[in-house]
Protein chains: 2
Amino acid sequence: MLDLLIENIKEVVPLTDEDASLVKKAFNPVQLKKKDFLLRNGEYSDHMRFIVEGCLRAYKIDENGKEHILYFGIKNWWINDLYSYLTRTPATLFIQAVSDSTVMQIHRDQLNILYDKIHMIDRFYRIKTQNGFVALQERTINSMSQSADERYYDFVKKYRKMEQQIPQYMLASYLGITPEHLSTLRKNLTK
Amino acid sequence: MLDLLIENIKEVVPLTDEDASLVKKAFNPVQLKKKDFLLRNGEYSDHMRFIVEGCLRAYKIDENGKEHILYFGIKNWWINDLYSYLTRTPATLFIQAVSDSTVMQIHRDQLNILYDKIHMIDRFYRIKTQNGFVALQERTINSMSQSADERYYDFVKKYRKMEQQIPQYMLASYLGITPEHLSTLRKNLTK
DNA sequence: GAAGAAAATTAAGGTATCTTAAGAAAGCTA
DNA sequence: TAGCTTTCTTAAGATACCTTAATTTTCTTC
């Protein structure tokens, strides 16, 4: 499990063996059963989290009680309520296991120590966050310029693997439409 | 102009005088008249850019020829087509001056040198990007869970200053609605 | 493998936002 | 200040997507 994490980092920045060993010591595993919560609205998010196995979703519940999924995460992805983590305020997001999952997490205090000791850790999270920003921006553009069926079609094309792991009503929530509407879209697409 | 830039960095990370001097040498000014482009679709985005004065917008034109504004930037903000910058692919965004503006920019090659020399520069962009990510995520949530008039109301409340600098049709584009619709929303709000 | 729970489908009526088009207001430039 | 261009408004008809509710299908659990 730790090896996957170190590999993930080394794909982006170099680490000495000593660095890698420091990193390994700082992370702890969390096991989640399907539907378990990694984080709930109102709790503090004091960890950065890496998915070793499984599938999770980050979502928000609005004032009308509706769920809005912000993103999914699978093996090798990072997932968090970054706002809550950075500002040390209670989480506004829920993070829940879509299937049985394993996550490696590091406490903020530990990570801050690593930032100071290892220049490349700062760089790693810079690059990861930049990539995440770009992906989120892409999504923002698409949700502004495309219709629901185009967004659905693109999602399936891009994340076929993920699409097979998650129920349709979650995909609908991610796409910003109702499950009923997604259902009729699918019917019309296969016609 | 360079002082504003250094101040902006020092608000987030410490810099020695020597560091600051290296940073200063690496940035160059760009003057823009209203409606001038800092970047156009198809060009390469080889610089990171900091706004010293004025107001700019980053937008995309979709396949139907419609503009979608991703964000505005004012004094003290960073603005770029980060995707293009990071992947060295032609820009998909336009960045244009909404009013006469001054921008300080650094070439990727120069910035990469700074990253290696100054740990704190890696950290600075990590933190800036994390903040940007969080802001973009906030926007994504709002566009999924709020109606157009709520989004308009929130924007005005949050960015009163900016709202006064930009024409309404740009605000409509940012909010993801037509200028006609924004116009009717405004009429109904003040009633 | 039966019973209950969760998810997906279908369809009818409703609403937010869009499209088109035309006219009014405001902002530049000579 | 006049004339031209850009921006904003108004309104009517169109459409994408929503809401509600009932039915069917699939998944879970004992």
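Start with the protein surface near DNA strand C: in this predicted model, its residues divide into four nonpolar, six polar and six charged. Now colour the strand by atom type. Of the DNA strand C atoms that come within 4 Å of the protein, 83% belong to sugar and phosphate.

Ala148(B) places a backbone N or O atom 3.0 Å from one. At Thr178(B), a backbone N or O atom is again involved, at 3.1 Å.

Helix 8 (168–175) and helix 9 (179–190) of chain A, together with helix 9 (179–190) of chain B, each give two or more residues to it. Helix 9 of chain A has the largest share, four residues.

Next, select DNA strand D. It is surrounded by 18 residues, and the closest are Lys34(A), Lys66(A), Gln168(B), Tyr169(B) and Lys187(B). Sugar and phosphate make up 79% of the DNA strand D atoms that come within 4 Å of the protein. The residues of this surface divide into four nonpolar, seven polar and seven charged.

Phosphate contacts to DNA strand D can be shown from both chains. From chain A, a polar side-chain atom of Lys66(A) lies 2.8 Å from a phosphate oxygen, and a backbone N or O atom of Ala148(A) lies 3.0 Å from a phosphate oxygen. From chain B, a polar side-chain atom of Ser183(B) is 3.1 Å from a phosphate oxygen. The elements giving two or more residues to the surface are helix 6 (148–158) and helix 9 of chain A, with helix 8 (168–175) and helix 9 of chain B. Helix 9 of chain B supplies the largest share, five residues.

Hide the DNA and turn to the contact between the protein chains. Chain A contributes 36 residues to it and chain B 36 residues. About 3500 Å² is buried between the two chains, 65% of it on carbon and sulfur atoms. On the chain A side, select Arg126(A), Phe133(A) and Met144(A): these lose the most area to chain B, together 18% of what that side buries.

Now display polar interactions across the interface. There are six salt bridges between chain A and chain B. One to zoom in on joins Arg123(A) to Asp116(B), with the closest N and O atoms 2.9 Å apart. Residue pairs in polar contact between the chains number 16. Among the elements that give two or more residues to the chain A side are strand 3 (47–61), strand 4 (67–74) and helix 5 (119–145). Helix 5 of chain A gives the most, with 18 residues. The residues of that side divide into 17 nonpolar, 10 polar and nine charged.

Finish with the symmetry. Chain A superposes on chain B by a rotation of 180° with 0.0 Å of shift along the axis, at an RMSD of 0.1 Å. This is the relation of a two-fold axis. Centre on Arg126(A) to find the axis: its C-alpha is the nearest in chain A, 2.0 Å away. Of the interface residues of chain A, 100% are also interface residues in chain B, so the copies meet through the same surface.

How values were computed. Residues are numbered from 1 along each chain as its sequence is written. Chains are lettered from A and ligands numbered from 1 in the order in which they are written. This is a predicted model: local features need pLDDT of at least 70, side-chain atom pairs count only at pLDDT 80 or more; totals for chains, interfaces and linings use all residues. Side-chain values use heavy atoms; hydrogens and water are left out. Copies are superposed by least squares on the C-alpha atoms of residues with pLDDT of at least 70 in both. Contact means heavy atoms within 4.5 Å. A residue is near a molecule or strand if one of its heavy atoms lies within 4 Å of it. A polar contact is a pair of N or O atoms within 3.5 Å; within protein, one must be able to donate a hydrogen and the other to accept it, and residues adjacent in sequence count only if both atoms are side-chain atoms. Ala, Val, Leu, Ile, Met, Phe, Trp, Tyr, Cys and Pro count as nonpolar, Asp, Glu, Lys and Arg as charged, and the others, Gly among them, as polar. Buried area is the accessible area (1.4 Å probe) that two parts lose on being put together, summed over both. A salt bridge is a side-chain nitrogen of Lys or Arg within 4 Å of a carboxyl oxygen of Asp or Glu.
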